[in-house]
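Please read them alongside the sequence and coordinates.

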Amino acid sequence: MLSSRIRSSTAFASGRCRRHVLVKAQQQTDAGSPRPTPSAVPKMPPRPGMRPPTPGVMLGPDGQPLEVVPVEKTGEDAWAGVAAIDRGEADATSTSKALLLAGGDAAFILLFAVIGRINHGELLDVETLNTALPFWIGWFATAPFLGGFGKEAQGSDVGAAAGAAAKCWAAGIPLGLAIRGLSRGYVPPTPFIVVSLATTLVLLVGWRALLAKNTAPPAKLSPVAQAAARKDKQGNPFEFMMLLISLVKRW
């Protein structure tokens, strides 16, 4: 019995001794081998086309540096349809000028109908309004979407204003002729079509060009003056309609 205990103690002591020797040898091995430094850690190669990072520069998902573009340099196309951006001094007169253009267009289309009735020896009665109605519908259904009341049409540049009116004429008057034909059940005679196109071209484009010639260029206001002009500004149904048109054009 005593001899078996002595053998167990001897085996336990020899096992501890062997573990101690293995741990000591492992520590010596770790001490003798150099540890990897941060600079020796392998780095992932950069992707093709990726620029090396610059301190203080933010990179996009493609690895290219992000560019900050001032709002003043983005142009109007960047905001078209997103919202009706307040453009400062131009906004103070844009609504009234657009209403002036719309009223003048309606008046000259009515004048066209009056001239036609007089040339045919007809009375100026309710039928005169019926003659002008299809052309009113065609004009106002297309002009807002073709820049007929936009910045160029409201400006003082005669060529730009005449060009905007010509675009609206090229779409609105033929549409008016088509509406007239559908409402009466027959295609308008060729002489009527030719006279209508020529007369409305002279009247609509001519009056728009004359208005632009007599329009003073907008004055350049300072940012403080622009902020003062926009203070307590209230909207109106016409501005809401223009906002909806800009959204439709964006789509």
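1. Helix H5 (residues 158-184) and helix H6 (residues 190-213) have axes that come within 9 Å and cross at roughly 150°. Axes here are lines fitted to C-alpha atoms, for helices over the stretch in contact, with angles from 0 to 180 degrees between N-to-C directions. H5 is therefore roughly antiparallel to H6; angles under 35 degrees count as roughly parallel, over 145 as roughly antiparallel, 65 to 115 as roughly perpendicular and the rest as oblique.

2. On the H5 side, the contact with H6 includes Val-158, Trp-169, Pro-174 and Arg-180. Among the H6 residues taking part are Phe-192, Thr-200, Arg-208 and Lys-213. Contact means heavy atoms within 4.5 Å. By class, 17 nonpolar, 2 polar and 3 charged residues form the contact of H5 with H6. Ala, Val, Leu, Ile, Met, Phe, Trp, Tyr, Cys and Pro count as nonpolar, Asp, Glu, Lys and Arg as charged, and the others, Gly among them, as polar.

3. The model is predicted: local features need pLDDT of at least 70 and side-chain atom pairs pLDDT 80 or more, while totals for chains, interfaces and linings use all residues. Residues are numbered from 1 along each chain as its sequence is written, and side-chain values use heavy atoms, leaving out hydrogens and water.

4. H5 also packs against H3: their axes come within 7 Å and cross at roughly 130°. That angle makes H3 oblique to H5. The crossing of H3 and H5 is right-handed. Residues of H3 in this contact include Glu-127, Phe-135 and Trp-139, and those of H5 include Cys-168, Trp-169 and Arg-184. The contact of H3 with H5 divides into 13 nonpolar, 5 polar and 3 charged residues.

5. Beyond neighbours within four places in sequence, Thr-128 is in contact with Leu-110, Ala-113, Val-114, Arg-117 and Leu-123.

6. The protein as a whole has 8 helices and 0 strands (DSSP runs numbered from the N terminus: helices, H or I, of at least four residues; strands, E, of at least two). Buried residues make up 25% of its 251 residues. Of the contacts with a separation of 6 or more, 68% join residues 24 or more positions apart.

Methods: Buried < 20%, exposed > 50% of the residue type's maximum accessible area, 1.4 Å probe, protein only. Left-handed = near helix turned anticlockwise from the far one by under 90°.
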